[in-house]
Amino acid sequence: MPTPRTPRRAIVAVLGANIALAFGPWFVRMADTGPVAAGFWRIALALPVLLIVASWGDRRALVPKRALLLPLLIGGLAFAVDLGSWHIGIRRTTLANATLFGNCAVLIFPLYGFIAMRQWPTRAQGLALLLAAIGGVLLLGRSAELSSRHLAGDLFCLLAGVLYAVYFIAMRGVRRTMAPLPALALSSVAGVLPLLLLAMALGETILPQQWGPLFALAMVSQIAGQGLMIYALGHLSPLVVGLALLLQPLVGATIGWLAYGERLGPMDAAGAVLVAAALVIVSARRSPER
């Protein structure tokens with residue numbers, strides 16, 4: 001139960017955000033374009049809506065200061081390559097693993113914090129990192145047993161999770177002086193063209209025959225999912241947001257089971273539980289000051 005000071009709308013928003021984002025891999029699989037091209041359309045179709053909403057109250061909101069141009073560019077490029085590698089991985093592994101490894105950014109932030117603050121991890125944080133490492137090895141080992149294709153997909157999704165962390169680190173300073181929605185819109189502008197160029201360089205199919213999955217990807221994952229998440233981030237503690245992230249692997253595994261008959265084996269389940277436990281520990285140990 002949320003505390004009386006916790007906005008109920010924000011709780012609903014963070015739950016809806018993670019459910020919406022978990023549907024992304026399914027839409028990518030249904031798309032008849034290449035995986036990187038699907039990432040391009042996810043941003044390109046959502047971008048006009050983001051720009052209109054971001055500038056609705058104040059058109060100057062989309063005019064960043066010079067000091068923010070480089071972080072916005074880095075954030076946009078990191079998010080673009082993140083989407084590209086994640087979408088490639090989605091086509092090569094299970095939906096459960098794709099969402100699990102794609103959210104490993106939650107575990108990377110403590111490492112970044114240790115380096116930035118020049119501190120050793122506490123026992124709880126060290127335990128979380130150890131559990132995550134063991135769980136990741138179990139999942140990767142299981143994927144290697146199933147096929148090299150699954151292992152490659154997991155590695156692509158793991159790379160996406162690392163780049164997602166880079167995106168948040170780059171946007172951290174931007175969000176201190178710029179509202180979240182304009183920051184998201186401008187970083188999307190920086191990332192849309194690189195995704196198109198990468199898709200063309202890989203020789204992917206760019207123009208789809210069926211627009212439905214791509215519009216669903218843009219509306220559900222990019223606008224609804226990211227939009228609700230940005231709203232929730234301004235009202236909820238990192239603990240609540242971090243725990244809510246665990247919904248994505250659960251929803252992804254359910255979709256994979258219903259749509260493709262993907263079932264978790266004992267080793268997969270054990271690895272997922274260890275990684276989930278690590279996420280809980282890391283989220284729970286974050287203080288509001290940090």
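The following legends describe close-up views of a predicted model.

**Figure 1. Overall helical architecture of the predicted model.** The secondary structure of the protein consists of 13 helices and zero strands, and the pattern along the sequence reads α-α-α-α-α-α-α-α-α-α-α-α-α. The protein has 290 residues, of which 47% count as buried. Among contacts in the protein with a separation of 6 or more, 88% join residues 24 or more positions apart.

**Figure 2. Helix H1 and its buried residues.** Helix H1 covers residues 8-22 and therefore has 15 residues. From the first C-alpha of H1 to the last the distance is 22 Å, close to the 21 Å expected at 1.5 Å a residue. The buried residues in H1 are Ala10, Ala13, Val14, Ala17, Asn18, Ala20, Leu21 and Ala22. As background to this view, an α-helix has 3.6 residues a turn, so residues three or four places apart point the same way.

**Figure 3. The largest nonpolar core.** This core has 50 residues, and the members that touch the most others are Trp86, Tyr167, Val174 and Leu195. At least two residues of the core come from each of helix H2 (24-30), helix H3 (35-54), helix H4 (66-90), helix H5 (95-102), helix H8 (148-177), helix H9 (180-201), helix H10 (212-233) and helix H12 (247-260). H3 supplies the largest share, 11 residues. Around Leu195, the residues touched, not counting those up to four places away in sequence, are Val36, Gly39, Phe40, Ile43, Ala80, Leu83 and Gly84. A second, separate core has eight residues, including Ala10, Ala17, Met229 and Ala232.

**Figure 4. Packing of H3 against H9.** The axes of H3 and H9 are 8 Å apart, and the two helices pack at an angle of about 150°. H3 and H9 are therefore roughly antiparallel to each other, since angles over 145 degrees fall in that class. Their crossing is left-handed. On the H3 side, the residues that meet H9 are Val36, Ala37, Gly39, Phe40, Ile43, Ala44, Leu47, Leu50, Leu51, Val53 and Ala54. On the H9 side, their partners are Leu181, Pro182, Leu184, Ala185, Ser188, Val189, Val192, Leu195, Leu196, Leu198 and Ala199.

**Figure 5. Packing of H3 against H4.** H3 and H4 pack at an angle of about 135°, and 7 Å separates their axes. The two helices are therefore oblique to each other, and H3 passes H4 in a right-handed crossing. H3 contributes Pro35, Val36, Ala38, Gly39, Arg42 and Ile43 to the contact, while H4 contributes Phe79, Leu83, Gly84, Trp86, His87 and Ile88.

Figure 6. The axes of H4 and H9 come within 7 Å and cross at roughly 55°. H4 and H9 are therefore oblique to each other, and their crossing is right-handed. From H4, Leu72, Leu73, Gly76, Leu77, Ala80, Leu83 and Gly84 take part, meeting Ala183, Leu186, Ser187, Ala190, Gly191, Pro194 and Leu195 in H9. Gly76 lies in helix H4 and counts as buried because its relative accessibility is 0%, with the limit for burial at under 20%. Not counting residues up to four places away in sequence, Gly76 touches Ser187, Ala190 and Gly191. Although Gly76 and Ser187 are 111 residues apart along the chain, their C-alpha atoms are separated by 4.3 Å.

**Figure 7. Surroundings of Gln226.** Gln226 is placed in helix H10. Gln226 counts as buried because its relative accessibility is 9%. The residues touched by Gln226, not counting those up to four places away in sequence, are Leu21, Arg42, Phe79, Tyr164, Leu184 and Ser221.

**Figure 8. Surroundings of Leu181.** Leu181 lies in helix H9. At 24% relative accessibility, Leu181 is classed as partly exposed. Leu181 touches Leu50, Val53, Ala54 and Ile230, not counting residues up to four places away in sequence. The C-alpha atoms of Leu181 and Tyr231 are separated by 8.8 Å, and these residues are 50 residues apart along the chain.

Terms used:
Residues numbered from 1 in each chain as written. Predicted model: local features only at pLDDT ≥ 70, side-chain atom pairs only at ≥ 80, totals over all residues. Heavy atoms only, no water. Helix = DSSP H or I, 4+ residues; strand = E, 2+ residues; numbered from the N terminus. Expected span 1.5 Å × (residues − 1). Buried < 20%, exposed > 50% of the residue type's maximum accessible area, 1.4 Å probe, protein only. Core = buried A, V, L, I, M, F, W, Y, C linked by side-chain atoms within 4.5 Å. Contact = heavy atoms within 4.5 Å. Axes fitted to C-alpha atoms, helices over the stretch in contact; angles between N-to-C directions. Parallel < 35°, antiparallel > 145°, perpendicular 65-115°, else oblique. Left-handed = near helix turned anticlockwise from the far one by under 90°.
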